[in-house]
Amino acid sequence: MTCRIEAGYTDFKIPVWMPGYYQLMDYPENIEQFTASVYTTTDSLRWERADRQTWRVYANAPGTVLLQYKVKATRQFVASAFLNGKQAFLAPTALYLYRQDHLQDPVAVQIDVPKGWQAATGLDSLPDGTLTAGDFDQLYDSPVLLGQLESFPAFFVRGVPHYFLAIDPGNFDRGALMSDLQGIVEAAVEMMGDIPYKKYVFLGIGPGMGGIEHMNSTAVSFSGDGYEKPAVRNRMLGFLAHEYFHHFNVKRIRPVELGPFDYGKGSRTSQLWISEGITVYYNEILLRRAGLISADDLLESFAGMLRNYENGTGKLFQSVAQASFDTWSDGPFGRTGDLINKTISYYEKGPLLAWMLDLKIRHATNNKKSLDDLMRRLYQEYYKGKHRGFTDTEFRQAAEQIAGVPLDEFFGYVYTVAPLNYNRYLGYSALAVDTAAVVVPGAWTGMKAQFRRDSVRVTQVAWESPAWQAGILPGTVILQVNGTTATANTMDSIRTSGRAGDIIRLETFREGKAGQRALIAGSEMKISWKVTKLKHPGALQQKIWNSWVAEDSFRAGR
Ligand SMILES: [Zn+2]
């Protein structure tokens, strides 16, 4: 790279994260063979590594410097740089150094594109192919995909083109995918009443997991294989709708902490339940409004999240605001070990809260307003009006203004672990949730075990279960049950032929040590959390249900 500098020293830095992926990355460690010289000469300049992410370059006189370095690009992932014989993914935060205090400078990127390859990106380009960005925030928000790309048939919404370029996209009907995506984009644009970009690009980097949202593009791991199967198609469209809707919710409608970004440290916020949770909520709602899933599909996707959330124990320990703030400490493989028992996912509780808030607003306004109005308000007031994000307090104020009533109970659900009153909130739309605890027949230990190569290994221990009380940990091998060699059958018979109150003696083996444990079997209490439609809803309940499932707003022909 080349850059004008002053006499003295100048710090060049590489980010340590990519906005949208809330984990510290090893970008600094992947930079190798750094050199600095006076541009168009062979005069080397002295430099030193001032800290993990900083290269400090010294110059005796002002002028233009040439910085050269290599970047290790071995991981095929939406937040990592990648290069092999047939494709490259230029993850911008992994590649481009920025000059300290000069993030606002305009920047141009020239790419030596290999013969037969194409480049796809949300950035604008000059006639000679040079890519341009108004500042480093835009540059860092604009990945580039290179290779022998396949371009699916583009579509236009309000005259704005939408492209999908992909590597190895698999075997499926491209026209069907793009027509479905068009429906999703139209539903989102109709809801927000604006289309804030000049073009939008889906970048399919190849099969895998994950996606990251940007202002006018998204990089997604993508394979269309299986698209003809409804379950596969719905999941894929939900994922693409999620990344797409993020250009509104998180890139533009955003918590105040998420921009300007701190590329050197990462930006923490307790509002990811809004940015991620409300986006999950709308990725389902938009599929329904586009006529791509049924009312039953819509209800079942939220009912499934409700069951998952309620069947975990993390709900007793961690609020959704705390889960948002703590996401940076999850590590590269997400929540593992005992963290699973003590934490929640804002991808689960977030959409449940979005659902409840939506129905609360509809109920409080006689179905005149909804969460859509809140999203439009935040977009107009903060993104378009104030050019900044909102604080926790401002989000709450906007929500209460739209609802026209105080929302103390609702925000208690955000900042505490108070149990969610589903029957009140979902009841606004004529739904009921079965919260009655039922005794499951047989003896209960709370252990789940895996049988492999003649050994029985504990994989999960339910919180406060008999096995938990007896101090049994995941990873323990069970050798004997009540004096008999442990097998799949003996483990099964504890449950089927035992009773609550039975004493179960186990010979165990863990971390090189044999041991003995006795536990007293209990009874398992189960709540079905089943969501059903009320048989005799009131007029407002029915009205809210109809508009929520988009029953009365279907456009013909789609
Ligand atoms: Zn997301």
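Are Asp11 and Arg56 buried or exposed? Select both and look: Asp11 is buried, and Arg56 is buried too. Here, buried means under 20% relative accessible area, exposed means over 50%, and partly exposed lies in between (1.4 Å probe, protein chains only).

Before you go on, a word about the model. It is predicted, so local features need pLDDT of at least 70 and side-chain atom pairs count only at pLDDT 80 or more, while totals for chains, interfaces and linings use all residues. Residues are numbered from 1 along each chain as its sequence is written, and side-chain values use heavy atoms, with hydrogens and water left out.

**Stop 1: Asp11 and Arg56**

Keep your first pair selected and show the side chains. They meet in a salt bridge, 2.8 Å from N to O. A salt bridge is a side-chain nitrogen of Lys or Arg within 4 Å of a carboxyl oxygen of Asp or Glu. Asp11 sits in strand β2 (residues 8-13) and Arg56 in strand β5 (residues 54-59), so this pair links distant parts of the chain, 45 residues apart. Helices (H or I, at least four residues) and strands (E, at least two) are DSSP runs, numbered from the N terminus.

**Stop 2: Lys198 and Asp124**

Next, select Lys198 and Asp124, another salt bridge, with the closest N and O atoms 3.9 Å apart. Lys198 lies in the loop between α3 (174-192) and β18 (200-204), and Asp124 in strand β12 (residues 124-125), so the pair ties together parts that are 74 residues apart in sequence. Lys198 is exposed, at 67% relative accessible area, whereas Asp124 is partly exposed, at 39%.

**Stop 3: Arg495 and Asp492**

Now move to helix α15 (residues 488-497), where Arg495 and Asp492 are three residues apart, about one helical turn. Their side chains form a salt bridge of 3.4 Å, N to O. Arg495 is partly exposed, with a relative accessible area of 45%, and Asp492 is partly exposed at 39%.

**Stop 4: a network**

Select Arg396, Glu400 and Asp408 together: salt bridges link them in a network. In the whole structure, a search finds 22 salt bridges.

**Stop 5: Glu243**

Finish at Glu243 in helix α4 (residues 230-245).
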